[in-house]
Amino acid sequence: MKTICYITGTTSLGGGPEHLYQLLKRMDRKEWQPFVCSRMDGPYWKRFKALKVPLYPFTLRKLSPLTFFALYRFLKNKKPDLIHTHGKGPGLYGRVIARLLNIPSIHTFHGFHFDDIPPLKRKLHLFVENFLSRITNWHIFVGETEKERSHILSHMNRNQYSVIPNGVDAAAIEAIRIDRAEVMRREGLKHYLYGTLLGTVSRLSPEKGIHILIEGFALAVKKNADLRLIIIGGSLDEHKNYEAKLVERINELQLESKIAMVGAREDGLSYMKCLDYYISPSLSEGLPLSLLEAFSARVPVLASAIPGNEEVMGSPACGTLFLPNSPEALAQTILATCKKNHPEIEKLNAQAFSRVSTVYSAHSMAEATFKLYQNLAVHNPQ
């Protein structure tokens, strides 16, 4: 039996931890013994623990020499056969340590973001990623869009990466049964049972475009007073100021009775299934898990026309795309979509569910990843 170490930055609610959870849930423990190094900061810590996966607390999102040497000593003692990293900070720590210890490493990009980084910081970021790409045995991109964006890394070996799309268990999500009235009462939102309920399930960070969603909704609700918006999700420490500004803006717009920010919820899918329409206003995405979940829940999707969202939507799109970073375009899309007839919506939902079931299966994602592990273990014996 071989051991594999997963190094990730957070166990809070989000696409990265859910991706890892789907892998761990499907792993053959007769072949691989996994353990996880991450921060004990969210519900996925308990979910990993419930799978009987050994967990070791490390804070890896911020750079620290002390953390580096602590993780180095730990992994030197554990001697895993393979290291799989997720995220920027964990990817830096894990891949450098893997090279120092002569352990094969895999890195998964969950969103190759650099456009919104200030110029000097962007140059440093790309310099570091170029260096890391040279010492990493294999790279995984969660979508074709991310692979194309990676071409900016001139030192990446094009023979050392795979595209393994994110995946969900569509049948399990579809089978979730909810009582919308009960969910809304639980949040003190009984008045949200009337009218049209829009919503998003997202981390509260600038690249997710929640500020655009609020501004677009504010324009739309002026023409359709029956609209309501619910935002499910919390923020990491570095984005608490952004979250505070969102709340401040809702108050300025005097929309406290029509926009509810309920925070992070472990049963986010239950809230998603309450929605009449799901909205993704993101400015940047890898391959968005939330859209796959909305497709699986048979909730019609409105999404910004950015590469990651467009890739998931397919062609013809099984949802509605709108101009990104434009509150006006979002408002127009909301108002137009609310006028669509039921058969038209049902047709899009069926198209979306078929797509997620066949193209974005969690089982297929896991099988492709485990096959990669086997190949690396064979060709990189310690």
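Modeller: Accessible areas here come from the Shrake-Rupley method with a 1.4 Å probe, and for residues only the protein chains shown count as cover. On that basis the chain exposes about 17200 Å², of which carbon and sulfur atoms supply 53%. The model is a predicted one, in which local features need pLDDT of at least 70 and side-chain atom pairs count only at pLDDT 80 or more, while totals for chains, interfaces and linings use all residues. Residues are numbered from 1 along each chain as its sequence is written, and side-chain values use heavy atoms, with hydrogens and water left out.

Turning to the core itself, a nonpolar core is a set of buried Ala, Val, Leu, Ile, Met, Phe, Trp, Tyr and Cys residues joined through side-chain atoms within 4.5 Å, where buried means under 20% relative accessible area, exposed means over 50%, and partly exposed lies in between (1.4 Å probe, protein chains only). The largest such core holds 35 residues, and those that touch the most other members are Met184, Ile230, Tyr278, Leu292, Phe295 and Val301. Helix α12, residues 289–296, gives the most to this core, with five residues; helices (H or I, at least four residues) and strands (E, at least two) are DSSP runs numbered from the N terminus.

As for the context, the secondary structure of the chain comes to 16 helices and 13 strands. The radius of gyration, taken over C-alpha atoms, is compared with a globule rule of 2.2 Å times the number of residues to the power 0.38; the chain has 21 Å, close to the 21 Å that the rule gives for 382 residues, so the chain is as compact as a globular protein of that length. Of the 382 residues, 54% count as buried, and among contacts between residues at least 6 apart in sequence, 70% join residues at least 24 apart.

Two residues beyond this set illustrate the ends of the accessibility scale. Arg95, in helix α4 (residues 88–100), counts as buried because its relative accessibility is 0%, and the residues in contact with Arg95 include Glu129, His107 and His139. Lys222, by contrast, sits in the loop between α9 (210–221) and β9 (227–232) and counts as exposed because its relative accessibility is 69%.

Key: Contact = heavy atoms within 4.5 Å. Lists of a residue's contacts leave out its neighbours within four places in sequence.
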